[in-house]
Structures are given as structure tokens and as C-alpha cells.
Amino acid sequence: MINVFSYDDMKEHITSHGVSSSEFYISILSTGGPYGIPMFDASLPNVITLVFDDVSYDCIKTKLPHSSDLRLAKAMTEPQADDLCNFIKKIPPTSIINVHCAWGFSRSAGIAYAIENKELTTHGNRYVHKLVKERLHEN
């Protein structure tokens, strides 16, 4: 089972339920702003935290929608995809996986659909989906 959360919903979930040692957590943080603050202890073996933005390539982007402030947005790298897939491959098949990103529908959806070996529908970061899916299912 895969649960997809926004950053705020994941924070609320772990505040109310705690971090379960029998569940697995994929935490996708943005490179800046309030959605770049880690929420998990880095030493937990059932958690992976990666930092990249909702883009397909490194680029200059506004900090927030409706903002004129610019920042460098970083795409998921191939080594990050390798690390993520190595983590996923170690998860027992019947486990609960909780995945989050800032808004809960692009990077996290791309990862969830890739884990399930499904094609993306309208939502989801296609670049992240491709990187993860080809490492998990196309060997």
C-alpha cells in the first residue's frame, strides 16, 4: 500500500501517529523555502530523504507561484534515483510506504506510480516517474 501526502499532511500524520518502524517513508524536500525543512531523523533505517525540485532539468524558477523572486531549481539526479530505488527494492512487498513532496501530487505521485509500475495519469512529474520506473521495472 502506498500513501501519498503533501508536506503538511505528512507532518500532521507523523505528529498524530508517530513514525512507525513497520512502515517506510520517502521524504522529498524542495531545495528551498518551507518545504525544504527535514521532518525525519536522518538515522532512521526506514526513511529516505531526497532534496530536489519539481522540474525535469536544473533551471531558474520563481520561488513560489505568483512570486517574482528567482531561485535555482534542481532536478532529480540519476544518483538520487539509484539511491531511491535501492531503498525501495529492500522494502518487503506487503509493507506500507508513505511518500510525500511539497504539494503531494507531482514528485510523490511520480514515485508512487513508478513503484506500482503504472503509467502516469494527468498528475505526476514525468521525469521522476521515468527515472524511478526504468530502474525498478525495466531490467
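This report walks through the sheet, the helices and the nonpolar cores of a predicted model.

## The sheet

Let's start with the strands. Four of them form an open sheet in the order S1-S6-S2-S3, with parallel pairing. S1 and S3 sit at the edges with a single partner strand each, so one side of each has no neighbour in the sheet. From one strand to the next, the twist averages 15°.

S6 pairs with two strands here. Strand S1 (residues 2-6) runs parallel to S6 and is joined to it by five bridges; in that pairing, phenylalanine 5 has histidine 100 of S6 as its bridge partner. S2 and S6 are also parallel, again over five bridges.

How enclosed is S6 by the rest of the structure? Five of its six residues are buried, so S6 is largely enclosed.

## Helices on the sheet

Helix H1 (residues 7-17) lies across S1, S2 and S6, and runs at about 115° to S1. H3 packs on the sheet too, touching S1, S2 and S6, and its direction makes about 150° with that of S6.

## A closer look at H2

H2 has 12 residues and spans 16 Å from its first C-alpha to its last, close to the 16 Å expected at 1.5 Å a residue. Its buried residues are Gln80, Ala81, Leu84, Cys85, Phe87 and Ile88. They cover an arc of only 155° around the axis, which means they are on the same side of H2. As background, an α-helix has 3.6 residues a turn, so residues three or four places apart point the same way.

What do the buried residues of H2 pack against? Their partners are S2, S3, H3 and H4.

## The nonpolar cores

The largest nonpolar core has 25 residues, and those with the most contacts inside it are Ile26, Met76, Leu84, Ile111, Ile115 and Val132. Two or more residues come from each of strand S2 (23-29), strand S3 (47-51), helix H2 (78-89), strand S6 (96-101), helix H3 (107-115) and helix H4 (126-137). H2 gives the largest share, five residues.

In soluble globular proteins, nonpolar side chains tend to be buried together.

Technical notes:
Residues are numbered from 1 along each chain as its sequence is written. This is a predicted model: local features need pLDDT of at least 70, side-chain atom pairs count only at pLDDT 80 or more; totals for chains, interfaces and linings use all residues. Side-chain values use heavy atoms; hydrogens and water are left out. A nonpolar core is a set of buried Ala, Val, Leu, Ile, Met, Phe, Trp, Tyr and Cys residues joined through side-chain atoms within 4.5 Å. Buried means under 20% relative accessible area, exposed over 50%, partly exposed in between (1.4 Å probe, protein chains only). Helices (H or I, at least four residues) and strands (E, at least two) are DSSP runs, numbered from the N terminus. Two strands pair if DSSP finds at least two bridges between them. The expected span of a helix is 1.5 Å times one less than its number of residues. The arc is that of the directions from the helix axis to the C-beta atoms. Contact means heavy atoms within 4.5 Å. Axes are lines fitted to C-alpha atoms, for helices over the stretch in contact, and angles run from 0 to 180 degrees between N-to-C directions.
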